Amino acid sequence: MLEVAYDEAMRGLAEGGIPIGAALFAADGTLLGRGHNRRVQSGDPSIHAETDAFRAAGRRRDYGSTIMVTTLSPCWYCSGLVRQFGIGSVIVGESQTFHGGHDWLAENGVAVTVLDDQSCIEMMSTFIADHPALWHEDIGVADEIEAE
């Protein structure tokens with residue numbers, strides 16, 4: 001499942017965007033939707049990888065048995081999406097380059113697995129080193145990079 005999310009992250013990077021990918025799966029492993037961060041490409045700050053995958057999956061009456069797989073720890077915005085719709089499980093590719101809301105999700109009953117996958121870590125580490133201003137904009141701390 002992480003491979004699908006990773007492929008989406010690489011697609012986003014190839015498009016000139018931020019390399020974060022996600023996919024929503026049914027409990028049996030059926031892919032429901034996939035997506036990637038398209039904030040740069042679309043000029044829309046709300047298109048994070050998780051929201052893109054969620055939208056691609058379409059409407060469901062119940063999300064409790066679904067699994068959100070993401071290459072990076074979900075930010076507070078995407079963590080809120082998981083809680084709002086009751087997504088039951090989240091698999092995180094890595095949380096070393098960014099520690100989002102996955103602890104909060106776990107504290108609130110979401111089954112969270114953090115893989116700390118080396119490919120995901122290397123992808124984000126390289127991106128952050130190469131594009132610090134864009135990265136800081138994405139995580140909402142643009143002022144920090146401007147102060148440097």
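## Surroundings of Met 68

Leaving aside residues up to four places away in sequence, Met 68 touches Ala 22, Ala 23, Leu 24, Glu 50, Phe 54, Leu 81, Ile 87, Ser 89, Val 90 and Ile 91, where contact means heavy atoms within 4.5 Å. The model is predicted, and local features need pLDDT of at least 70, side-chain atom pairs count only at pLDDT 80 or more, and totals for chains, interfaces and linings use all residues. Residues are numbered from 1 along each chain as its sequence is written, and side-chain values use heavy atoms, with hydrogens and water left out.

## Nonpolar cores

Met 68, Ile 87 and Trp 135 have the most contacts inside the largest nonpolar core, which has 25 residues; such a core is a set of buried (under 20% relative accessible area, 1.4 Å probe, protein chains only) Ala, Val, Leu, Ile, Met, Phe, Trp, Tyr and Cys residues joined through side-chain atoms within 4.5 Å. At least two residues of this core come from each of strand E1 (21–25), H3, H4, strand E4 (89–92) and helix H6 (118–130), these being DSSP runs numbered from the N terminus (helices H or I, at least four residues; strands E, at least two). H3 gives the most, with four residues. Another core, of nine residues, lies apart from it and includes Val 4, Ile 67, Val 69 and Cys 120.

## Packing of H3 and H4

Helix H3 (residues 49–57) packs with helix H4 (residues 76–85) at an angle of about 35°, their axes being 8 Å apart; axes are lines fitted to C-alpha atoms over the stretch in contact, and angles run from 0 to 180 degrees between N-to-C directions. Glu 50, Thr 51, Phe 54 and Arg 55 in H3 meet Tyr 77, Cys 78, Leu 81 and Phe 85 in H4.

Methods: Buried means under 20% relative accessible area, exposed over 50%, partly exposed in between (1.4 Å probe, protein chains only).
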